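Q: Could you take a close look at one part of this model for me, the place where the two chains meet? I'd like a connected walk through it.

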There are 2 protein chains.
Amino acid sequence: MARTQQSRTFPQPGHNHDRCAVQALARAEALCDAKRLRFTSVRRRVLATVWASHAPIGAYDILAQLNAGGGRNAPMAVYRALDFLLAHGLVHRVASLNAFVGCAHPGEAHSHKLGSQLLICRACGSVVEFDGRAVSAAVARAAPGFAIESEVIEISGLCPHCRRLTRRKAIARD
Amino acid sequence: MARTQQSRTFPQPGHNHDRCAVQALARAEALCDAKRLRFTSVRRRVLATVWASHAPIGAYDILAQLNAGGGRNAPMAVYRALDFLLAHGLVHRVASLNAFVGCAHPGEAHSHKLGSQLLICRACGSVVEFDGRAVSAAVARAAPGFAIESEVIEISGLCPHCRRLTRRKAIARD
DNA sequence: CTCGTAAACGTTATAGTATAACGTATCAAT
DNA sequence: ATTGATACGTTATACTATAACGTTTACGAG
């Protein structure tokens, strides 16, 4: 399967995001099909809403989107769908923001078993996962005697694109 | 100043916790004194409550403690005190638990500027900071082009003491 | 096929976490 | 003493999450 994006780097500001979403939905469907999981309508719609951008979205914002066309879903519907998607590594919880973001690498073991390793741009809001194997190794070395079960690693700052913009502005001020 | 505890290791199950609390309060007082900050009554009481154990405590549990003797504090009082304590590195927010824990190393630069690096025991609830310099370095290497501003690193699992207990039980079952 | 069971869902209520916005009090430097 | 900034009191409200119930739906066993 050809990778249409380098999902471990920050998305270009003007990229065609439909591709990301469509691809994520397709992968989720394939994964559920393979594992005999029920990819129901609510679950699909919640995942689609999460994938509406690369920025984390809160449960109640998902709910609002879900009900935008006159729906009558209750918060529980969203939280149950999110529980399912979390359990199967299709989304990540962003603990530092109380929000959720799509997982670009579902099924790659790392994702939900050990937690998530995320870079969060405070300017554009985008979140990407990074390859945290070296980080996990460092954590394990730094915590001798501690039996690690899960890791929440959330790094905030400026993504390359926004950093460039910020610098330009700073220069313009001179 | 003599260190009465090795604050980067998990506290012994039966350790004399009063010492930890008293010491933490004393350090906070010293730090506020040095920086000309107002270590007010509410702030002191909130910090004392946070230091009532090594386990994170929620804002509303702090509030309950504060009002245990008939007080009439509102949530805002607690959150404002927590904001102050967070800003000056006297407590850490535990994002994955929506709770707060005392910082054993206030003033050591790492603490609040870059975020926190915590080990969380799911059995006894204790939290300790670990030396995450190597972890931070690994993160920096894993995120080229990303301008890191803060890190939330929260590792859950079993601390050495609880791991030992768990093993004993497992053996006893045989 | 239909029956039994487990999973998913709908619904209502409630618990738990956090901030907005306003006015008052306190402190400290002039 | 005046003043400006910081801290506090108070009320209201927004936001996040789960409990507990009953009903519906999907799906395999017989």
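**Where chain B meets chain A**

A: Salt bridges first: there are 2 of them between chain B and chain A. Keep in mind that this is a predicted model. One salt bridge pairs Arg122(A) with Glu149(B), and its closest N and O atoms sit 2.6 Å apart. Polar contacts come next, and between chain B and chain A you get 12 residue pairs of that kind, both partners being at pLDDT 80 or more.

So which parts of chain B do the touching? Four elements each bring at least two residues to the side that touches chain A: β3 (115-121), α6 (133-142), β5 (147-158) and α7 (160-173) of chain B. Of these, β5(B) has the largest share, with 12 residues. Sort the residues on that side of chain B by class and you find 21 nonpolar, 6 polar and 6 charged.

Now for the extent of it. The size of an interface is often quoted as the accessible area lost when the parts come together. Here, the area buried between chain B and chain A comes to about 2,500 Å², with carbon and sulfur atoms giving 65% of it. On the chain B side, the residues that lose the most area to chain A are Phe146(B), Glu149(B) and Ile155(B), which together make up 22% of what that side buries. In terms of contacts, 33 residues of chain B touch 33 residues of chain A.

How values were computed:
Residues are numbered from 1 along each chain as its sequence is written. Chains are lettered from A and ligands numbered from 1 in the order in which they are written. This is a predicted model: local features need pLDDT of at least 70, side-chain atom pairs count only at pLDDT 80 or more; totals for chains, interfaces and linings use all residues. Side-chain values use heavy atoms; hydrogens and water are left out. Contact means heavy atoms within 4.5 Å. Buried area is the accessible area (1.4 Å probe) that two parts lose on being put together, summed over both. A salt bridge is a side-chain nitrogen of Lys or Arg within 4 Å of a carboxyl oxygen of Asp or Glu. A polar contact is a pair of N or O atoms within 3.5 Å; within protein, one must be able to donate a hydrogen and the other to accept it, and residues adjacent in sequence count only if both atoms are side-chain atoms. Ala, Val, Leu, Ile, Met, Phe, Trp, Tyr, Cys and Pro count as nonpolar, Asp, Glu, Lys and Arg as charged, and the others, Gly among them, as polar.
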